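Please read the points below alongside the sequence and the structure.

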Amino acid sequence: MTVDLHRAPLVTRPLILQSLSLAGASIGFYLPLSVVPVFAAQSGSDRLAGLATVALLLATVAAELVTPRLTARIGYRWSLALGLVLLGAPTAALVVSSDAVTILAVSVVRGAGFAICTVAGGALAATTVPEQRRGEGLALIGLVTGVSGMLALPAGVWAAAQWGYPPVFLATALLTMAPLLSVPWLPHRTAPAGPSGHRGVLAGVRDPALSRPAAIFAASTAAVGVFVTFLPLAAAAQPAWVITLALLAQAAAATATRWVAGRIGDVHGPARLLAPGLLLAVAGLAGLAVIGSPAAVVCGSLVFGAGCGVLQNATLALMYSSVPAGRALTVSAIWNTAYDLGMAGGALVAGLVAGSIGYPLTFVLTAAAMLPALVVSRRATSASGTPYRSARHSRDRTG
């Protein structure tokens, strides 16, 4: 009897419980993300503000490389619980101390916690959703985390301006660790044995089926790093609502197109979405060169966000579909590492040149730097082989 697996239920109890954990991690990361640098600058210097963000990102990347080994040893439940505690609890220390050592130590521990949550949580979610609806399932998870982060980031800044820093830090600790109540009811699943940790990740990086989509994704996240770092500075002469609306438009478009890309990718294959996503991102970022026009800033941000959302879903779905289920942790680690390294690298390189060449040209050059990824996307599409078969056409899928 033929089973229409495309109709397999997507929103299940395990997926809802996992979404709670991932939403808590997203809130825990984004709520104080823009608050801590300001808190650090007022407590020390602008250099300390930058160091706090760098420490957060570097710790995240380092922990992402070892999380597969950790999760293979202690399982998904304990990994998620540990990640939520490391991400949330240290923030409370900023209520009682504002010295540089405390700020940097908190950033490092929080980065490690966020890495564990994203890598372990993402891999668990990927193994829970039906394989033939993986793109849509990943989009659903992306919707949960995207909306949580989209609301938490401005909420943290607003709350700090209204009530000061301590309420933000305490709220971060409480909201991040609240999903611990759901962890005991997560699927009792042990991460598969086999290559893990830095060895498994390095082996995955040498696999073109993983490295090519990861490189494409890193190109887009480098542009995101430039966007979130320098748009507020470039548009400083505009009314405050322009910057707020532009940031919101980018985040909202990315969240929405992840869902659309997931549904299209499940039918036609995620590889076919790589080039369109790149072109949208390039066009949107280049449009920000007209920084004096509010309409250009908002529309450019919207188009840029749409391209980023397509690439987020397409690259991740393509990577998961290219390897056995037992390598889900490796895929999650590589994809999240590409995310963080791309953002950090883009902001760092642009910061070295923006002061001398100006912000409009910085946006244009960043957009141009994404174009070589089109060549990689062509190879990734060719290497994907036969067209992706959804459950509407096939009962199972090899590979």
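1. Helix 12 is mostly covered, with 23 of its 28 residues buried, where buried means under 20% relative accessible area, exposed over 50% and partly exposed in between, for a 1.4 Å probe and protein chains only. Helices here are DSSP runs of H or I with at least four residues, strands are runs of E with at least two, and both are numbered from the N terminus. This is a predicted model, in which local features need pLDDT of at least 70 and side-chain atom pairs count only at pLDDT 80 or more, while totals for chains, interfaces and linings use all residues. Residues are numbered from 1 along each chain as its sequence is written, and side-chain values use heavy atoms, with hydrogens and water left out.

2. Does the length of helix 12 agree or disagree with what its residue count leads one to expect? The expected span is 1.5 Å times one less than the number of residues. For helix 12, residues 294-321, that should give 40 Å, and the end C-alpha atoms are 41 Å apart, which agrees. Helix 6, residues 134-163, can be treated in the same way: its 30 residues reach 42 Å from the first C-alpha to the last, close to the 44 Å expected. Helix 6 is followed by G164, whose phi is positive, near 95°.

3. For the chain as a whole, there are 15 helices and zero strands, and 52% of the 399 residues count as buried. Contact means heavy atoms within 4.5 Å. Among the contacts between residues at least 6 apart in sequence, 86% join residues at least 24 apart.

4. Two packed helices are described by the angle between their axes and the distance between the axes. The axes are lines fitted to C-alpha atoms, for helices over the stretch in contact, and the angles run from 0 to 180 degrees between N-to-C directions. Helix 12 and helix 13, residues 328-357, have axes that come within 9 Å and cross at roughly 150°. That makes helix 12 roughly antiparallel to helix 13, since angles over 145 degrees count as roughly antiparallel, under 35 as roughly parallel, 65 to 115 as roughly perpendicular and the rest as oblique.

5. The residues of the contact divide into eight nonpolar, three polar and no charged, where Ala, Val, Leu, Ile, Met, Phe, Trp, Tyr, Cys and Pro count as nonpolar, Asp, Glu, Lys and Arg as charged, and the others, Gly among them, as polar.

6. The axes of helix 1, residues 13-30, and helix 5, residues 100-128, come within 10 Å and cross at roughly 155°. That makes helix 1 roughly antiparallel to helix 5, and their crossing is left-handed. P14, L15, Q18, L22, A25, G28 and F29 in helix 1 meet residues of helix 5 that include R110, F114, C117 and G121. By class, the contact has nine nonpolar, five polar and one charged residues.

7. Helix 13 also packs against helix 14, at an angle of about 135° and with the axes 7 Å apart. That makes helix 13 oblique to helix 14. A350, A354 and I357 of helix 13 make the contact with Y359, L361, T362 and L365 of helix 14, and its residues are six nonpolar, one polar and no charged.

8. Which residues does A333 touch, not counting those up to four places away in sequence? They are E64, P68, V119 and V201. A333 lies in helix 13 and is buried, with a relative accessible area of 0%.

9. T60, in helix 3 (residues 46-88), is buried, with a relative accessible area of 1%. Leaving aside neighbours within four places in sequence, T60 is in contact with G111, A112, F114, A115 and D340.

10. M370 is placed in the loop between helix 14 and helix 15, and at 2% relative accessibility this residue counts as buried. Beyond its neighbours within four places in sequence, M370 is in contact with A219, S220, A223, L278, A281 and V282.

Key: A crossing is left-handed if the near helix is turned anticlockwise from the far one by less than a right angle, and right-handed if clockwise.
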